[in-house]
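This report describes one protein chain in plain terms. Please look at the sequence and the structure below before reading on.

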Amino acid sequence: MKTLCTAAVLALLSSVAAAKLPAPELSNEAKAKAAEAAAKAAWAGKVESFLLCKTQDRVVAHYMKSTAKGAAPASACVDPGPFVPAPPQNS
């Protein structure tokens, strides 16, 4: 029982000590890599939205054609284009 209480107190104290440590400093290279990863993730989201929009347009066009309700409305899909990484910044 004494060992269990000691272990619980040590675990509590170590978590408090770890919570007070400052965040590690990132190098410029790591910051640039993180920024590029964020930009690539944002671009991937735009590509997924574009593909979903195109698929929805195809479904609407097929529905309009099969029900003889006329032509499908104009598409509002915007192609994000290819991913272009930002040029490296010299600091």
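Is Asp 57 buried, partly exposed or exposed? Asp 57 counts as partly exposed because its relative accessibility is 26%; buried means under 20% relative accessible area, exposed over 50%, and partly exposed in between, with a 1.4 Å probe and protein chains only.

The model is predicted, so local features need pLDDT of at least 70 and side-chain atom pairs count only at pLDDT 80 or more, while totals for chains, interfaces and linings use all residues. Residues are numbered from 1 along each chain as its sequence is written, and side-chain values use heavy atoms, with hydrogens and water left out.

**The chain and its helix H2**

The chain has 2 helices and 0 strands. These elements are DSSP runs, numbered from the N terminus: helices are H or I with at least four residues, strands are E with at least two. Of the 91 residues in the chain, 5% are buried. The chain exposes about 8,000 Å², and carbon and sulfur atoms supply 66% of that area; the areas come from the Shrake-Rupley method with a 1.4 Å probe, and for residues only the protein chains shown count as cover.

Helix H2 covers residues 28-67, which is 40 residues. From its first C-alpha to its last, H2 reaches 58 Å, close to the 58 Å expected at 1.5 Å a residue; the expected span is 1.5 Å times one less than the number of residues. The buried residues of H2 are Val 47, Phe 50, Cys 53 and Met 64.

Ala 68 follows H2 and is found in the segment after H2. Its phi is near 55°, a positive value in a residue other than glycine. Most residues other than glycine have a negative phi. Ala 68 is exposed, with a relative accessible area of 70%.

The structure holds 1 disulfide, a term for a pair of cysteine sulfur atoms within 2.5 Å. Cys 53 and Cys 77 form this disulfide, with their sulfur atoms 2.0 Å apart. The pair links distant parts of the chain, Cys 53 in helix H2 and Cys 77 in the segment after H2, 24 residues apart. The torsion about their S-S bond is about -90°, so the disulfide is left-handed. Both Cys 53 and Cys 77 are buried.

A search of the whole structure finds 1 aromatic pair. Trp 43 and Phe 83 form this pair, which is tilted, at 5.7 Å centre to centre and 55° between the planes. Rings of Phe, Tyr and Trp (its six-membered ring) pair if their centres lie within 6.5 Å; planes under 30 degrees apart count as stacked, over 60 as edge-to-face and the rest as tilted. Trp 43 lies in helix H2 and Phe 83 in the segment after H2, so the pair ties together parts that are 40 residues apart in sequence.

Asp 57 also lies in helix H2. Leaving aside neighbours within four places in sequence, Asp 57 is in contact (heavy atoms within 4.5 Å) with Ser 75 and Cys 77. The side chains of Asp 57 and Ser 75 make a polar contact at 2.5 Å. A polar contact is a pair of N or O atoms within 3.5 Å; within protein, one must be able to donate a hydrogen and the other to accept it, and residues adjacent in sequence count only if both atoms are side-chain atoms.

The table lists two partly exposed residues.

| Residue | Relative accessible area |
|---|---|
| Trp 43 | 25% |
| Phe 83 | 22% |
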